[in-house]
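The chain is displayed below, and my entries follow it.

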Amino acid sequence: KHYYPMNKFGLTGYPLGHSFSKNFFNEKFNSENIKAEYVNFEIPTIAELPNILLSNPELMGLNVTIPYKEQVIPYLDELDEHAEAMGAVNVVKVETREDGSKYLKGYNTDWYGFTESFRPLLQVHHHQALILGTGGASKAIAYSLKRLGIEYKFVSRRQMEGGLVYEDLTDEVINKYTIIINTSPVGTFPNVKECPNI
């Protein structure tokens, strides 16, 4: 597929200082002679998404990261079946209608990437999982685990129905679960004190 000089892709979320996507994609575009660029759109609120679209008419797609994987959904025209089932989006395809307006379709590739990298590691004793965090990424993991036939519980800082809070993680509880998956921002910031709430 050929891309033209004005084609643009990007990442939206807040904050984006930890992301390596911009450099990764621009290096890939350059090495494969793809005429496109990848830009970070760091916005403090998802309500600024329409402004991104208006000021970047050549935008063809967006990756979506924390904290907007769920918040972006009301701004979309359509969801694919997986994104709709899990209620989280990490990829938005941007198309231009004949009248010049934008048509946005949301996808979720997190669950597929996780499933394909995780499946080869599964052993017979892997039948229960703890998912640390309750944001958009956790929904993709839960969706994947359900398809793999693995029971799971969410763990968060705040009590949620059917879930655990971090204070519940005694040695006895942890030993019951053979899989622990961190989908929270803990570990992605230089200073853990700067982490947003999980």
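I looked up Trp-111 and noted that it counts as buried, because its relative accessibility is 9% and buried means under 20% relative accessible area, exposed over 50% and partly exposed in between (1.4 Å probe, protein chains only). This is a predicted model, in which local features need pLDDT of at least 70 and side-chain atom pairs count only at pLDDT 80 or more, while totals for chains, interfaces and linings use all residues. Residues are numbered from 1 along each chain as its sequence is written, and side-chain values use heavy atoms, with hydrogens and water left out.

I then checked Tyr-143, which is also buried, because its relative accessible area is 16%. Trp-111 and Tyr-143 form an edge-to-face aromatic pair, 5.3 Å centre to centre with 85° between the planes. Rings of Phe, Tyr and Trp (its six-membered ring) pair if their centres lie within 6.5 Å; planes under 30 degrees apart count as stacked, over 60 as edge-to-face and the rest as tilted. The pair links helix α4, which holds Trp-111, to helix α5, which holds Tyr-143, across 32 residues. Helices (H or I, at least four residues) and strands (E, at least two) are DSSP runs, numbered from the N terminus.

I turned to α5 itself. Its buried residues include Gly-136, Ile-141 and Leu-145. Just after α5, Gly-149 takes a positive phi of about 75°.

Phe-25 and Tyr-38 are stacked, because their ring centres are 4.6 Å apart and their planes at 20°.
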